[in-house]
Amino acid sequence: ATDAYLAATLTTRAAVVGRGVFEAFADANPENPRPTGVANLRASLETVLRTGAAHAMPVQRYDVSTPDGGWAVRHWAVRNVPA
């Protein structure tokens, strides 16, 4: 969890470290009419495992909770690579 990630997602390191990837990057906003982030991330990671090659995801919507209990819409670009 980089400082840039924590600032962009309005979260703390303690809220992310030690959690599974699909927990940390959950589709949490109940107001999002079409939450697809978790499914798209899973598909990308499966592609990387199957092919052994990097996979660039299209820009994804990733809503983050705000300190006042609302939601901020964010977008992120992800490129998953094999380790």
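Mentor: The count comes to 4 aromatic pairs, where rings of Phe, Tyr and Trp (its six-membered ring) pair if their centres lie within 6.5 Å, and planes under 30 degrees apart count as stacked, over 60 as edge-to-face and the rest as tilted. In phenylalanine 25 and tyrosine 62 the ring centres are 6.0 Å apart and the planes stand at 50°, so this pair is tilted. Phenylalanine 25 belongs to the loop between α3 and α4 and tyrosine 62 to the loop between β2 and β3, so the pair ties together parts that are 37 residues apart in sequence. Those element names come from DSSP runs numbered from the N terminus: helices are H or I with at least four residues, strands are E with at least two.

Tyrosine 62 also pairs with tryptophan 76, again tilted, at 5.4 Å centre to centre and 45° between the planes. This second pair links distant parts of the chain too, since tryptophan 76 sits in strand β5 (residues 75–76) and the two residues are 14 residues apart. Ring pairs join Tyr5, Phe25, Tyr62 and Trp76 into a cluster. Tyrosine 62 itself is buried, with a relative accessible area of 11%; buried means under 20% relative accessible area, exposed over 50% and partly exposed in between, with a 1.4 Å probe and protein chains only.

A word on the basis of all this. The model is predicted, so local features need pLDDT of at least 70 and side-chain atom pairs count only at pLDDT 80 or more, while totals for chains, interfaces and linings use all residues. Residues are numbered from 1 along each chain as its sequence is written, and side-chain values use heavy atoms, with hydrogens and water left out.

Next, the spaces around the rings. On a 1 Å grid over the protein atoms alone, a cavity is a set of points where a 1.4 Å probe fits but cannot get out, a pocket is an open set with protein on both sides within 12 Å along at least five of seven lines, and lining residues have an atom within 4 Å of a point. Grid points are joined across faces, edges and corners, and a volume is the space filled by probe spheres set on the points.

The largest pocket has a volume of about 240 Å³. It is lined by 17 residues, and the closest to its centre are Thr9, Thr11, Ala24, Tyr62 and Ser65. At least two lining residues come from each of α1 (3–9), α2 (13–16), α3 (21–24) and β3 (64–65). By class, that lining has 11 nonpolar, 3 polar and 3 charged residues; Ala, Val, Leu, Ile, Met, Phe, Trp, Tyr, Cys and Pro count as nonpolar, Asp, Glu, Lys and Arg as charged, and the others, Gly among them, as polar.

There are also 2 cavities of 30 Å³ or more in the whole structure. The largest cavity holds about 60 Å³, and Tyr62 is among its lining residues, which also include Ala26, Asn32 and Arg61. The second largest cavity has a volume of about 40 Å³.

The buried residues of α4 are Gly37, Val38, Leu41, Ser44, Thr47 and Val48. Their cover includes α3, β1 (55–56), β2 (60–61) and β6 (79–80). After α4 comes glycine 52, with a positive phi near 75°.

Valine 38, in helix α4, has a relative accessible area of 19% and is therefore buried. Leaving out residues up to four places away in sequence, valine 38 touches Phe22, Phe25, Ala26 and Asp27, contact meaning heavy atoms within 4.5 Å. Valine 38 and glutamine 60 lie 22 residues apart in sequence and 9.9 Å apart in space, C-alpha to C-alpha.

For context, the chain has 4 helices and 6 strands, and buried residues make up 27% of its 83 residues.
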